[in-house]
Amino acid sequence: MDALKAEQHYINRIVTDTSGMKVLLLDRETTPIISLVSTQSHLLSKEVYLVDRIDNVQRDAMRHLKCLCFLRPTDSSIQALVDELRSPKYGEYYIYFSNILKKSMIELLAENDESEVVQELQEFYADFYAPTPCLFHIGLTPSTHPLFAEGHSWNPGALNRTVQGLSALLLSLKKRPNIRYERNSAMALKLGRELDYLMNHESNLFGANTGDKTQLYILDRKNDPVTPLLTHWTYHAMLHELIGINNGRIDLSYMTDIRPEVKEVMLSQDQDSFFKQSQFLNFGDLGVSVKEFVDSYQSKTASQHNIDSIADMKRFVEAYPEFRKLSGNVTKHVTLIGELSRIVGSQHLLAVSELEQSLACNEQHNTDLKALRALIADPSIQPENKVRCVVLYALRYERAQSNALHELKQQLSSSGVDADLVSTVDVVLRYSGLRERQSDIFQNENIFSRGRNMFKGLQGTENVYTQHTPALAEMLEQLLRGRQGLHWQERLPNLDPQARPPTIGNENGLFNQDIIVFVVGGVTLDEEKAVANLNARFGSQNVRIMLGGTSIHNSHTFLNELSTTFY
């Protein structure tokens with residue numbers, strides 16, 4: 001169960017099923033989907049000599065080329081293809097849509113293919129974004145697909161796009177799962193029902209139910225707002241939090257004296273062995289890893305200087321492409337890690353993170369309040385980091401008798417924090433305050449959970465910056481170990497009440513299960529790391545877990561989505 005390989009399979013089919021010189025036409029959404037799973041050099045090796053957008057009307061006519069079209073079945077892409085077929089620029093057209101086509105769309109294309117250039121039309125279900133094998137997302141952003149309509153309800157466009165993306169994932173993996181959803185989430189229930197309706201309506205595509213061995217858990221971000229608010233210290237998560245990753249690409253053009261070749265860099269497990277090995281390393285271990293990487297590169301560089309014979313020259317020429325690729329990866333990662341170090345120091349993130357972790361994991365109101373007041377008063381701390389800590393305080397101590405939230409918001413305002421930024425504190429409370437959450441994420445709502453939290457704190461931790469565990473990870477571990485089965489059956493009811501319950505209550509844990517966890521409201525890269533660790537630990541039980549969400553959040557995108565779309 002590999003999201004990356006599922007999409008690569010379809011892309012390889014598109015570029016290899018048709019022989020000869022080809023051009024590949026994409027639309028606004030399939031362009032980043034392909035860029036995550038393939039490279040320009042790979043396409044070129046399959047005789048794809050030109051990649052362009054279907055909506056680019058300035059393209060030259062080249063009738064000697066065959067045209068591959070990979071498009072989403074949207075009204076805009078269909079119209080662009082209709083315009084193309086009315087005045088074809090290429091000799092033959094092979095059309096692939098990333099999702100299920102309506103009959104009316106097929107009829108419209110047939111009516112406008114007067115030159116009879118269309119040779120093939122297929123559905124290849126690559127309609128989601130797959131940055132890594134165990135992680136996928138739908139790509140919803142506030143500007144293109146606002147998530148919320150009013151309160152905790154779906155924006156219709158976002159719901160439709162999410163159903164399409166999830167159905168494409170299931171079709172690509174050949175799964176028809178049993179659906180479970182968080183009981184307190186109307187959005188999770190709505191998504192489950194819409195997806196179930198589609199699977200029943202398109203039963204010829206989805207085939208027989210594999211629910212005995214495949215579970216889809218639909219969760220809601222509101223039940224764990226803490227994880228996306230924290231500073232995480234693994235390489236992949238730090239890059240997304242501190243610099244930003246957009247469909248695998250990192251923009252470094254803002255840096256002064258940046259070398260042209262690293263103004264924009266790509267992160268890919270397939271193309272970059274260092275990233276594959278280091279994406280879950282914490283910041284401390286990362287320094288050791290990159291030094292070993294540079295040392296390895298230097299030793300290989302030295303060996304290339306000893307060219308004394310024709311055989312040496314031949315060996316150098318054969319190794320040069322790999323050597324050049326290695327050189328590029330060394331430059332990329334040294335630049336990225338250097339920039340991360342600069343940001344951590346300039347924004348005093350170690351101090352910020354220590355307070356974040358205390359607010360997330362420990363019940364010590366007076367100590368936290370004193371530290372938070374000092375942090376807000378510190379002019380060297382970024383305003384957004386101050387607000388994140390106040391949001392964490394507001395969530396943890398929402399019912400505390402000595403709650404000082406009003407005073408803290410006043411202090412934020414008097415310290416120069418923008419009023420719109422301060423208002424996000426109240427937005428997050430409306431979105432995921434105690435009345436909205438299903439889970440006791442702080443373990444402080446009753447005497448028993450407070451006791452568990454205190455005992456947990458006595459166990460010690462690797463360091464003060466990595467104490468927090470995502471609620472999603474704790475839930476999955478309890479399921480895999482067979483703990484609290486009845487609790488999870490109540491919290492995650494079956495969409496179909498007639499469905500046979502999985503071995504969720506088996507005291508021996510789950511075996512022989514494929515689990516797809518989908519989070520309405522977005523996932524984080526810290527949760528991806530947790531899922532990767534669980535896959536490694538429970539592989540012997542033949543359990544495979546895949547994580548997905550409406551988007552991949554860092555703290556900035558999470559707060560921005562709520563402040564701009566949640567009312």
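Residues are numbered from 1 along each chain as its sequence is written. In this predicted model local features need pLDDT of at least 70, side-chain atom pairs count only at pLDDT 80 or more, and totals for chains, interfaces and linings use all residues, while side-chain values use heavy atoms, with hydrogens and water left out.

Five strands form an open sheet in the order β2-β1-β3-β4-β5, with parallel pairing (strands are DSSP runs of E, at least two residues, and helices runs of H or I, at least four, numbered from the N terminus; a pair needs at least two DSSP bridges). Because β2 (48-53) and β5 (118-123) each have a single partner strand, one side of each lacks a neighbour in the sheet. Within the sheet, β1 (residues 22-26) pairs with β3 (residues 62-71) over five bridges, and Leu 26 stands opposite Phe 70 in β3.

Helix α1 (residues 3-16) packs on the sheet, its direction making about 165° with that of β3 (angles run from 0 to 180 degrees between N-to-C directions of axes fitted to C-alpha atoms, for helices over the stretch in contact; contact means heavy atoms within 4.5 Å). Helix α4 (residues 75-86) lies across β1, β3, β4 and β5 and runs at about 165° to β4.

The whole structure has two cavities of 30 Å³ or more (sets of points on a 1 Å grid over the protein atoms alone where a 1.4 Å probe fits but cannot get out; lining residues have an atom within 4 Å of a point; a volume is the space filled by probe spheres set on the points, which are joined across faces, edges and corners).

| Cavity | Volume |
|---|---|
| Largest cavity | about 70 Å³ |
| Second largest cavity | about 40 Å³ |

The largest cavity is lined by 13 residues, and those nearest its centre include His 232 and Glu 241. Helix α9 (235-243) is one of the elements supplying at least two lining residues, and α9 gives the most, with three. Residues lining the second largest cavity include Leu 4, Gln 8 and Asp 270.

Terms used: 1 Å grid on protein atoms, 1.4 Å probe; cavity = no way out; pocket = protein on both sides within 12 Å on 5 of 7 lines; lining within 4 Å.
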